[in-house]
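User: I would like to learn how to read strands and helices in a model. Can you take me through some features, one at a time?

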Amino acid sequence: MITSTQPQYQELIELSAPLELAATLWPLAHGTGDPTIRFAADGVWRAMRLAQGVATLNLRQLGPATLRARAWGPGGAAAISMVGELVGELDDPAALAPQHRVLRDTIRRHPGLRLPRTRRLMDALVPAILEQKVTGVEARQAFRSLVYRHGQRAPGPARLWLQPEPELLAGLPYYRLHAMGVERRRADLIRVVARNAARIESAATPEAAERVLRAIPGIGPWTAAEVLRVAWGAPDAVSVGDYHIPNLVAWALAGEARADDARMLELLEPYRGQRGRVQRLLEASGVRIPRFGPRMAPRSIAGI
């Protein structure tokens with residue numbers, strides 16, 4: 001493991017347009033305690049598994065469209081080479097024609113918000129599976145436990161952690177995952193996708209990635225959208241089946257405090273092709289849904 005504070009790779013990157021670095025990369029984090037990524041005064045730090053090897057990448061914004069990229073580890077050069085894609089250089093925010101005041105205001109306040117593209121499906125898929133049909137608290141605790149117990153230290157000075165290797169996950173006994181609060185259905189699904197990691201990662205287009213993902217029993221539209229929006233920057237990937245998103249869309253766009261998926265899709269239909277971008281903008285808008293009654297309560301699966 002490389003722990004030197006001196007980066008092995010360093011590059012100054014000029015972007016084509018102003019960027020909001022932290023807001024753009026925030027969807028890559030799974031809670032504020034995610035051990036694989038850190039948002040700090042000296043930039044965003046991210047631990048990565050790449051085909052060329054593991055790496056830690058540090059991005060610091062020096063100007064509206066200028067980044068300093070530093071990297072450690074055998075995959076450091078590859079990490080540097082993908083920075084533009086990672087921060088949304090291939091994204092096209094202008095493809096959205098906002099028809100609602102909330103969207104126009106959010107774009108005005110966040111002109112540098114883009115959709116990232118990691119091209120690492122497994123990095124997004126494992127935490128998305130852990131988030132299926134549980135509270136955010138449960139999912140984040142399970143993800144942290146999985147990384148700390150079965151991941152490994154990332155190279156460089158940030159002391160981040162790498163997600164467990166697919167080969168390890170494929171052979172992880174159920175009782176190990178149960179102890180982290182993961183019931184058998186999600187545990188079995190994690191092992192299935194880990195055994196198919198090479199095929200999943202080999203998908204060369206967003207469409208191919210969606211076909212591969214949706215062909216796996218247990219991966220529905222919600223999980224596929226959560227993965228495609230960050231792994232491929234897919235602007236139309238909307239989270240059908242989410243506990244909160246239909247209410248957010250309905251409240252922001254129609255003043256309706258509660259909605260189901262059908263109503264959400266009806267309201268998003270004018271934005272077809274950009275529905276995932278609308279979702280991300282609404283998440284960044286600061287709009288708060290009215291609360292009625294208690295929130296969904298966390299469970300103690302490990303104690304069952």
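User: How many bridges join β3 to strand β4, and how do the two run?

Analyst: A note before we start: this is a predicted model. For a strand pair, look at the bridge count, then the direction. Here seven bridges join β3 to β4 (residues 53–63), and the two run antiparallel. Next, look at the link. β3 and β4 form a hairpin, with two residues between them.

User: Which strand is joined to β3 by four bridges?

Analyst: That is β2 (residues 37–40), which runs antiparallel to β3. The link is again worth checking. A hairpin of two residues joins β2 to β3.

User: Is strand β3 mostly covered or mostly open?

Analyst: Count its buried residues. Buried means under 20% relative accessible area. In β3 (residues 43–50), eight of eight residues are buried, so by that cut-off the strand is mostly covered.

User: Now helices. At what angle do the axes of α5 and α9 cross?

Analyst: Read distance and angle together. The axes of α5 (residues 121–130) and α9 (residues 184–195) come within 9 Å and cross at roughly 165°. Angles over 145 degrees count as roughly antiparallel. The two helices are therefore roughly antiparallel to each other. Their crossing is right-handed.

User: Which residues make the contact?

Analyst: From α5 come M122, L125, I129 and L130. From α9 come R186, L189, I190, V193 and A194. By class, the contact has eight nonpolar residues, no polar ones and one charged. An α-helix has 3.6 residues a turn, so residues three or four places apart point the same way.

User: Which residue with a positive phi follows α15?

Analyst: Check the backbone beyond the helix. α15 is followed by G286, with a positive phi near 85°.

Technical notes. Residues numbered from 1 in each chain as written. Predicted model: local features only at pLDDT ≥ 70, side-chain atom pairs only at ≥ 80, totals over all residues. Heavy atoms only, no water. Buried < 20%, exposed > 50% of the residue type's maximum accessible area, 1.4 Å probe, protein only. Pairing = 2+ DSSP bridges. Axes fitted to C-alpha atoms, helices over the stretch in contact; angles between N-to-C directions. Parallel < 35°, antiparallel > 145°, perpendicular 65-115°, else oblique. Left-handed = near helix turned anticlockwise from the far one by under 90°. Contact = heavy atoms within 4.5 Å. Nonpolar A, V, L, I, M, F, W, Y, C, P; charged D, E, K, R; others polar.
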